[in-house]
Structures are given as structure tokens and as C-alpha cells.
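Please keep the model open while reading.

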Amino acid sequence: MILEILKTHSTRMYKTLTELSSPSIVQIKETMKSILQSNLNKKNIDVPQVLQEPASTNMAVEYTQTKVAEDIAVLTPNISSETVYKFVSGGGGDFSSKIGVLFSGGQAPGGHNVISGLFDALGQNTKQGVLIGFLNGPSGLVNNEYTLITREHIDAYKNTGGFDLIGSGRTKIETKEQFQQSLETAKEHSLDTLVIIGGDDSNTNAALLANYFKQHKQPTTVIGVPKTIDGDLKNTFVETSFGFDTATRVYSNLISNIARDALSAKKYWHFIKLMGRSASHVTLECALQTQPNVTIIAEEVAERSQSLAELVESIADTVIKRHKTGLNFGIALLPEGLLEFIPEMKTLISEINELLASNISLEELPKQLTPPSHNLFTIIPEAIRAQLLLDRDPHGNVNVSLIETDKLIAHMVDEYIKNNHTTVPFSYHCHFLGYEGRAAFPSAFDASYCYCLGKTAYLAGTQKLSGYMVTIMDTTKPIQDWVPLAIPIASLMHLEKRHGHMKPVIEKALVELDQPAFKHFEMHRNSWKSHNNYVFTGPIQYFGPNDIVWRCTHTLHLEKSTK
Ligand code: FBP
């Protein structure tokens, strides 16, 4: 079938069948697979009834109405529908036969299942279907670099983590040329549907592309899929982004292993920084799963306008109190984005950014800081000061995510104790948990959720819902009761200042302090501080009793059970 497609398909990039295969598929031979991978590749995934049926027997009906902000509607006039759709049996849509798909941004477990769901839906609806994977993120679309996805790929990648089947990237489609080149790629392949699997920025890109395609009469339907381990792409209709469940379970297993080591050795404090570029959802979820002694939630620090010194003192206070009851060890969780939520630190970082932009020398820079920022700069350990000055992001700004917050805080707690409580023994280790969780085999939840998202993306394409994001509601219920939806991406967007310019973006969902997950944590954290209430979660289980294999996150469970 592939050779036939090749003959009829555009030849700009297609050469031979061998060249078409991405290198990774050639490498994945059965002998190279772990026993777990072989079994997971073969594992079936349940879907609700509506996603089992061919697209020709499904239709989208109104679920509810939402709102698109006026300033966003002006910027995206071609995709400003305010109807949220639900997919149900009956009626019938068209079917898409040429679909393009790409990953955008950081890896998140389950991505390959979105592609598997798309592939299976495509195969179920047409024998002539082509699924084109654009390589290494949005740049693959812009530069028309791609591979054809085949049954062989799906059989080797189903239920695996990572994005290595087609790769990912962080290119943003921003310039006129990039939009036009993307349109040319869509036209060249006669794409019926383009599926963009990404986070807030990537889904914003999906909406802007959809708007551009419509404006230029390009009939490709653009659909977004909510991905990010950070968990900050969620709203009334998106209960969770995919990957959050698996990543937090991987981290929780590692945290609880460290906790058990601490409990055995009784001599170390462990400072563990957890990924999550801005929001603290990952840290909060891991705290709920493992019950460590100290957990810092960045959104709370901002709410209380805590200074770095106050934060350090509050952690040292727990160290000292535990020491008084004979416990000279503990576990502290810190979110990756913490520094930007400490008001004085945020000011310091923005002053450094402005000075860096003025091309001032690094020796001169500290002298030009305002007195409060200068004071703060001087109490920060030297290694961290160097990171503040030397590590830059692509825009030339301080690369906050590279700053070793765990070391900064642990070092300052150490200094504080040495200066004020000389008799308290304090030894510490620092850890950063991030990449360990982004490419793990997806949990049963993420595997099913993602496969359903892929199938729903196919349906949304057949219904021509361009500029929509697919999502699944009621995921704490049995799979048969899951509700596949499509929501207008424009309704999630607002204008925000980014690098000095107002841009339409999807607002990141931060941890809300009045919501059930934080409230539950707040209610229990004092007892976790003084006792050893660690919960040892163990690794993710993929086979076995349902109550071990099948769990949703504490965050989702708490949010849904209090509604
Ligand atoms: P996405 O928002 O693209 O899903 O990526 C999230 C993330 O995993 C953050 O938690 C982390 O700060 C960042 O990616 C790391 O980025 P990189 O992979 O470029 O090092």
C-alpha cells in the first residue's frame, strides 16, 4: 500500500521506501526490546464506545458555549467559534485521509499513543490514508521534513514513552515566512488535518495557524492536543495535560526511595528540585503522593510575598524542630520555577536582564543594581551568582530554569544553621528530578488518555473543527464513561506581554491556593513536617490488579471528588 501511495504522492521529499523510514524504526528490532516493552507494544487499549466506531458514524454536537475575549476575536477572526463540541454516535462526518502530525516542546509520556490513536482511526476509516510525521517539532512543518508513519512504527512505539518516533522541537511559528512555509507544506501534501501535540505555546501556535490557513483558503483543519508534564495546561474542559500522571508517579517513586534511604541512614536532609518550568503542580502532586517534611509551593511564596531569607528561615526552623525530637534528616521538595515567584528575586532577575541588554560588563553589572537587589545579590552563594550572570536563554535573558535552586536553598539553610544553631548537625544532598520522568513508559492512565486523544483528534479533523483542541472529560470515571470533546483554542487565549510585546497566548494554569489539592496539602503539611509520614509509592505498574495499575493523580482525584 505504501508504494502505491508513494507513486501517487508528491515526490518533493519522498525518494525510496528505505529513505522514508525514520532511523529509529530500523533500530527497534524485537531483540532490542525489553520484555516489558514487548508486552506493552502488544497491550490493547480500551476506549469509550464512541471512539471505537468509524468516524462516518460519529458526529459533533454542542456540549456548551464558552467565550472568546474581544481582543482575541479581533486577532483570530476566522476561528472565533464559541461552541464546545462533544462527539457522539449517530449522523456522520466526512473522513480525513491525509493527516500530518508533530510534537512540540518537551517530551511527555504518552505522545506515541496519540499518534497510535490517530493512525488506528485513520486505518479504520480509509484504506488510502497517509499519516505524515513532521520531524523534530514545528520546524519539520516549516521546512517540510517528514516521514511516513507506518504500521511497523506503531507496533514498535505503541505504549512507549518519549517522542523519539518523530522527534520534537521548540521552534515557534512566528514570522510571516514561517506561516507561509507551513501553509505550503500543508498544500504540498494536501493535508486534510494537521495535529499539533504540545503545551500552551504550541496550542496557541495551532490556533494561529488555523486562523492563517482559513484566511488564505487552505482547507487543512488544524487540531491541538494538550501535552506537558508541567500540568499547567488545564481549565474547565482540560482536566489534565497528558504526561503529568506518569511523570509525577516516576518522581514520587524516586522521592520515596530517597525518603526510605533518609529514614534508614538518619543523617541527611535531601533537597529535591522538581521539574515544572513555572507552575508548582508537579511538586504539589509529588508531595500529596509521598508526604515529605517540607514542600515549597512557589505560588504560595508569591502570595505571601516571602523573601529568600524568610523562606530559608522557615525551612531551617523545620530542620531545628526535627532535631529537637532526634530526627536529623528529612526531605524537602522545591519547584523548578521557585525563584521567579520570590518577589525580590524576580526584581533582581529583571534588573539583571535589563543591564545585560545594555551590554554592560559583568564586573560592572552588580554595581548598577538597586540597593535592595545588590544586597540580595551579595547574600547569594558565589556559584549561583555566576549562573545568574552567565547562563542565558535564547533571548539573552537569565536562564532561570538552569539555576540550581536546590543547591541555593540548601546552602543558605546550611549557612543559617551554622551561624545561629551551632549544635544542630546538618548534612545535605541535592537532587534534580526532571528528565527522568518525561520519557517513561506511559502509565495506564496516560496510555489510554493519549490513545483516546489521538482518536478524538481524528474525529475533530473529520468535523473540520479547525483551531480546536481535543480533550477528554470525566477521566476519573471508568473509560466507557469518558467524554471526548473539542474546545475552541481561542477561548483559552488572552493577551500577555512577552519579551516586551503584547502576544495572544494561552494563560498558564498556576496552582490555585483555594483549590482542593492545595487545601488538602495545607491541612496535612504540619503533621508531615514533624513526623515521618512518608508514603512509599513504588514504581508504576503496567500489569496486575486494577487498583495498582489504574490510578489517577491525587490532584485530579481531589479536584473531581469535591465537585
Ligand atoms: P513543555 O512545557 O514544552 O511541555 O516542557 C516542560 C519542561 O519539561 C519543563 O518542565 C522544563 O523546565 C523544560 O521542559 C525543560 O526544557 P528542555 O527540554 O528544553 O530542557
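Helix α10 (residues 176–188) packs against helix α11 (residues 200–215) at an angle of about 70 degrees. Their axes lie 10 Å apart. This is a predicted model.

**Helix pair α10 and α11**

- Angles of 65 to 115 degrees count as roughly perpendicular, and α10 and α11 are therefore roughly perpendicular to each other.
- The crossing of α10 past α11 is right-handed.
- On the α10 side, the contact is made by K176, F179, Q180, S182, L183 and A186.
- On the α11 side, L208, L209, Y212 and F213 make the contact.
- By class, the residues in the contact of α10 with α11 divide into seven nonpolar, two polar and one charged.

**The nine-stranded sheet**

- Nine strands form an open sheet with mixed pairing.
- The strand order is β1-β2-β13-β12-β7-β6-β3-β4-β5.
- Which strands are at the edges? They are β1 (58–65) and β5 (146–148), and each pairs on one side only.
- From one strand to the next, the twist averages 30 degrees.

**Pairing of β4 with β5**

- In what sense do strand β4 (residues 130–134) and β5 pair, and over how many bridges? The pairing of β4 and β5 is antiparallel and runs over three bridges.
- Opposite T147 in β5 stands G133.

Definitions and conventions
Residues are numbered from 1 along each chain as its sequence is written. This is a predicted model: local features need pLDDT of at least 70, side-chain atom pairs count only at pLDDT 80 or more; totals for chains, interfaces and linings use all residues. Side-chain values use heavy atoms; hydrogens and water are left out. Axes are lines fitted to C-alpha atoms, for helices over the stretch in contact, and angles run from 0 to 180 degrees between N-to-C directions. Helices (H or I, at least four residues) and strands (E, at least two) are DSSP runs, numbered from the N terminus. Angles under 35 degrees count as roughly parallel, over 145 as roughly antiparallel, 65 to 115 as roughly perpendicular and the rest as oblique. A crossing is left-handed if the near helix is turned anticlockwise from the far one by less than a right angle, and right-handed if clockwise. Contact means heavy atoms within 4.5 Å. Ala, Val, Leu, Ile, Met, Phe, Trp, Tyr, Cys and Pro count as nonpolar, Asp, Glu, Lys and Arg as charged, and the others, Gly among them, as polar. Two strands pair if DSSP finds at least two bridges between them.
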